[in-house]
Structures are given as structure tokens and as C-alpha cells.
Amino acid sequence: MTHSPIRPVCLLLVSALLASCGSPQPSPAPPGGTDTRPEGNYTDRWTLQEAMQIPVQKSAQTSTPAITDWPTVNFPQPNPRGLKKTLPGYHIWDTWPIRTLGGGVADIQLNDGKSYNVLIHLSVKEDVLPGKRHDIAALRYSYATDGKSWKLGAGDGLLFPKQDSFGSRNWAGSAVIADDGQVFVFYTATGEKGENFDAPLLPSRAGRGDIPSSALRGGLLPLSGSGAGDIQPGISYEQKIAVAWGPKLKVVGGQVIFDGAWRHKVILRADGTYYQTIQQSDVGDLYAFRDPWVFRDPADQKLYMLFEGNVGGIKSQQRCAPEDIGDAAYRASVQVPETARNWNGAIGLAVSAGNSAATGADLTASLTNWKLTPPLLTARCVNQELERPHFVFKDSKYYLFTSSHVKKFAEVGDLRERGAEGLYGFVGSGIRGNYTPLNAGGLVLNNPSTQDYQAYSYEVLPTPDPSRYLITSFIDSPGIGDRDIGEFASLPPEQQFRAFGGTLDKTHVLEITGSGTRLNGQLDYGQIKP
Ligand code: FRU
């Protein structure tokens, strides 16, 4: 494929100005080489042909049971069936445990002689309207000695003061603990430091958050994190990947605290070639450059990062390539509208620019300096948001998991009846190479058909038993049943609060065999140890 450079000045301008750059240059095609080393240029595709193998009728193999004792979950008092909020007083959603660099949940021995697990959550106070939470999200932490009875961190649980982190709000990421106890938290810095949700608009933000959402559809600006709800005046939407590091965990006065000062650094920005920038996202309703997940490759022992992105280049100029669709016979059998290119999700890969040492200053340098490489997997003309990508390593295979929303599947044929709010997965024999969608189409877990938006944002965690994995998620909006999520924002506020969970869901047990998976039972709410 030919890669035509885009004139850099054009990249900086909004689409209204593109005309003045002369005729737009074709955007680069996704890198399409054959080099399957992690830093190579081979990019696999989740093709339309593969995704169309997701069954319309979901079976017990992938469906979670409906939460029927729902309506009281949001009430402060525990209800008779034992449902309770994980962190009373807060909405929490995307959540991740502090892990070892090898990928397992870290059991952290602290100075009181006990072993702790620590979770990090996207969070807001419970009185925030659920749909607005993405616009002011902050990272909070909780800890437990039994892997399920989570206690809010010291103070009001904030990981670090809001003004210290990059972005005006922080979105999902991952966290690892080094052998010397130092914790590294990778997070998405969304918007710009200092922006204020409630503040009057500054002139510099004109043309960003102050445009009515109706003008944004098909326009330049993405909607907020989940894609639900209007754009919020006063804030901007660019996403960058950042790291915070420095403190070690310690028990003080019976509470687990992060002891020491955090340092923050922006480590990756979308480059416009491999990964789409916000300015290039000129059609469709959003873009992504977020959700870093850091790990040490069991094969070469180097440090890598997965993240969520979109195929680089101006979106309106992208085209569905034959290899996005499927083999020749399949291509001859489908009609793919040109607008399918508006769905161009990618799972990105960055390589540590350090020597990947196990501990000390070299490890710090490795975890705080990164280089972008081409996407591992793209889903152009198939799906727009491949969220919170992460790996499970099993039997020398790489199981790649990602969450996606039903409405983030392309409007092609009956794909949206096949896609679901759920967890998707692929298996490959290395970080970069050919991936096979699990269960043929890629679907691993879907919500029950009576409650399409019951839960979301999944992470698959290993257990000591190599055939059993645990899937964590948060309870999203079961209260809207099988109605369209678009109706959520028009409900009266008290109904929105009742329809929304903002708490950890029951953990699902997943069995993995080769390229097949099966849900097999549930554990307690928020349980991360078997
Ligand atoms: C998934 C997600 C993440 C993002 C966060 C924002 O639940 O869209 O990709 O980091 O929510 O709230």
C-alpha cells in the first residue's frame, strides 16, 4: 500500500479550514507490512466476515444472567438479598487491580504483615448525574485483604489531587507494582488541566465544547467517553496517555495509603499516522486514544503497552479496504456502504523505550518512556471502539480481550444485531501476528437480552487454575431494560439515578480452551480472587 504524507499544517486545522489547505491529501493507509515482530508493521484485522459470525441469538455460553434484584442496588442501605454498593457514596465504573508486570493480580505484603489487593476506579461522587460522570471522572482507590470487601482509600479515596494529574479528567488505564514496591499508574488524560466542567467558556475553547451537539454529528468533535449524551460546554475532548509514579503502599493508622509524592508525565499522543488524532476525526461521533494496559511479554521479557485507538488519517478520507471485509467470495456477497469507514477502531501497541529492567532507575526509565508502533489489530468498517484492551497469557498463546458497545458496530447488514454490549476476544501466538476471533466471531460475554446495558468494561484476570479466569465489570444501566441507551439522558434525573449501577458487578468465571470460551458461574460482587 502507498503511504501518502499529509501536510502537517492541515492536521492542525478543523475541517472547516481544510479547504484552504488546497485539495486534501489522501490519508495514509494503515501500516500493512509483513513484519510480525512486536515493533514490526504487520497489523491484523477483525474482518467483517469474522464479526458476522457472532450469532444473532446469544447462548448461555456467552450470556450473563439478568440482575433481577436490581432496583435497590443504588440505595444506601444493604437490601435483603445482599446487594450493596462497592463504594457507598460514589459511582465507580472502569476498575482495574494493581498487577505485577507479568499480568497477575498483585498480592501486596504491607508493613502490618497482611497481604492486600488494591483496585483503582474511575469515580465521581454519587450525586453526579450518571451520564455526566465521564466529564469529571477522577481516579480513586480501594483495598481489601480478602479480594472482595473493598474499603475506600484514605481521605475520600482520591489517588492523587486532581490538579496534579494531566487532563481535566482521568479515564481508564492500568497499574503495576515493581519488585521494590514502587507503583506506576497509567491513565488517560482527557481534556486539558485546569478546564472546569462548570466554568464559563474561555475564548481559546471556542469551537470546542461550546458547539451544540446537533452541529457535532457528522462534524469534527467527538462526544464524551461512552458516546452517550451531549458534549459538555467548558471542556475539551483530546485524550493523551500519561503515567504517575513514585509512591509505595503503606499501612498508616489502619489505612492503606500511597506514601510519597506522585510524579506525572504525558507519555503518548496520537501521531496522526498510526493513530487518528482528534483533528482527523472529522466524521462519525468519536475518536479514542486511551486506556493504556502495560505488561511484560512472557516471550521476550520486554515491556509493552496496549491501548485503544483509531486507524490513523483523516477519517472522512479513509476507505474500507478489501482486507477489512473478508475473502473474495465473502466480498462478492456483501454490500458495504462507503460510510462504514466511520467505524475504524484499533488496538494500539507501544514499546518501552528503555531496557525493560526488572527494578530500580532503569525500570522507572522504561515505564516512563514509550514509542508508538503500528496497531496490532484494526476493525475498520466493523467497529469503532475497542476499549480497555488487555492480554491473558495461557499455554504460550496470547489472548487479547477488549470491551465494546453494541452501537459501536458499523451499520452494515445485520451486524448490530450480532454485536452486543460485551467482551470480545482473539487468540494469537505472539503479540503481533494473526489473531483468531474467539468463538468464531469474537464474542466472549454479552449482557442478557432483557437488559442490554446491564454491565460493561470488562477485565479478564488470571487465577492459579489455568483453566479458570475471572471477568470483572461494573453494573451500568440495567434499569433501562431493553430500551435504547439513547433514551437514558431524557429520563428524569431520579430515574437516571435508579437505572444506573456505578458499582462492581458479580464476577463471572470464564473457561478458555483453545479458541473457545464458556462462562461457567459467578462469584461475589467485585471478587477478584477465586
Ligand atoms: C469504557 C470507557 C473507557 C474510558 C472510560 C471513560 O468504559 O469508555 O474507554 O476510559 O470509559 O469514562
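Modeller: A residue is called buried here when its relative accessible area is under 20%, and exposed when that area is over 50%. The model is a predicted one, and the part I would pick out is strand 22, which spans residues 468–475. Seven of its eight residues are buried, so strand 22 is largely enclosed by the rest of the structure.

The pairing of strand 22 can be followed one partner at a time. With strand 21 it pairs in the antiparallel sense, over six bridges, and the two are joined by a hairpin of five residues. Within this pair, Ala 455 has Ile 475 of strand 22 as its bridge partner. Strand 24, residues 506–513, also pairs with strand 22 in the antiparallel sense, here over four bridges, and in that pairing Arg 468 stands opposite Glu 511. Strand 23, residues 503–504, is joined to strand 22 by two bridges and again runs antiparallel to it; there Ile 475 stands opposite Thr 503.

The ligand is surrounded by 13 residues, and the closest are Asp 94, His 134, Arg 290, Asp 291 and Glu 387. Sorted by class, this shell holds five nonpolar, three polar and five charged residues. For Trp 93, a polar side-chain atom lies 2.9 Å from an oxygen atom of the ligand. The ligand taken alone exposes 320 Å², and the protein buries 98% of that area. The elements that contribute two or more residues to the shell are strand 2, strand 7 (169–177), strand 12 (290–296) and strand 21 (455–462); strand 21 is also an antiparallel partner of strand 22.

Away from the strands, Thr 64 deserves a look. This residue lies in the loop between helix 3 (48–51) and strand 2 (90–99), and with a relative accessibility of 4% Thr 64 counts as buried. Setting aside neighbours within four places in sequence, the residues in contact with Thr 64 include Asn 446, Gln 454, His 508 and Leu 519.

Most residues other than glycine have a negative phi. Ser 396, in the loop between strand 16 (387–394) and strand 17 (397–404), has a positive phi near 60°, and Asn 439, in the loop between strand 19 (436–437) and strand 20 (443–446), has a positive phi near 55°. Ser 396 is exposed, with a relative accessible area of 68%, whereas Asn 439, at 17%, counts as buried.

As for the whole, the protein comes to nine helices and 25 strands, and buried residues make up 58% of its 530 residues. Of the contacts with a separation of 6 or more, 68% are between residues 24 or more positions apart.

How values were computed: Residues are numbered from 1 along each chain as its sequence is written. This is a predicted model: local features need pLDDT of at least 70, side-chain atom pairs count only at pLDDT 80 or more; totals for chains, interfaces and linings use all residues. Side-chain values use heavy atoms; hydrogens and water are left out. Buried means under 20% relative accessible area, exposed over 50%, partly exposed in between (1.4 Å probe, protein chains only). Contact means heavy atoms within 4.5 Å. A residue is near a molecule or strand if one of its heavy atoms lies within 4 Å of it. A polar contact is a pair of N or O atoms within 3.5 Å; within protein, one must be able to donate a hydrogen and the other to accept it, and residues adjacent in sequence count only if both atoms are side-chain atoms. Accessible areas come from the Shrake-Rupley method with a 1.4 Å probe; for residues, only the protein chains shown count as cover. Ala, Val, Leu, Ile, Met, Phe, Trp, Tyr, Cys and Pro count as nonpolar, Asp, Glu, Lys and Arg as charged, and the others, Gly among them, as polar. Two strands pair if DSSP finds at least two bridges between them.
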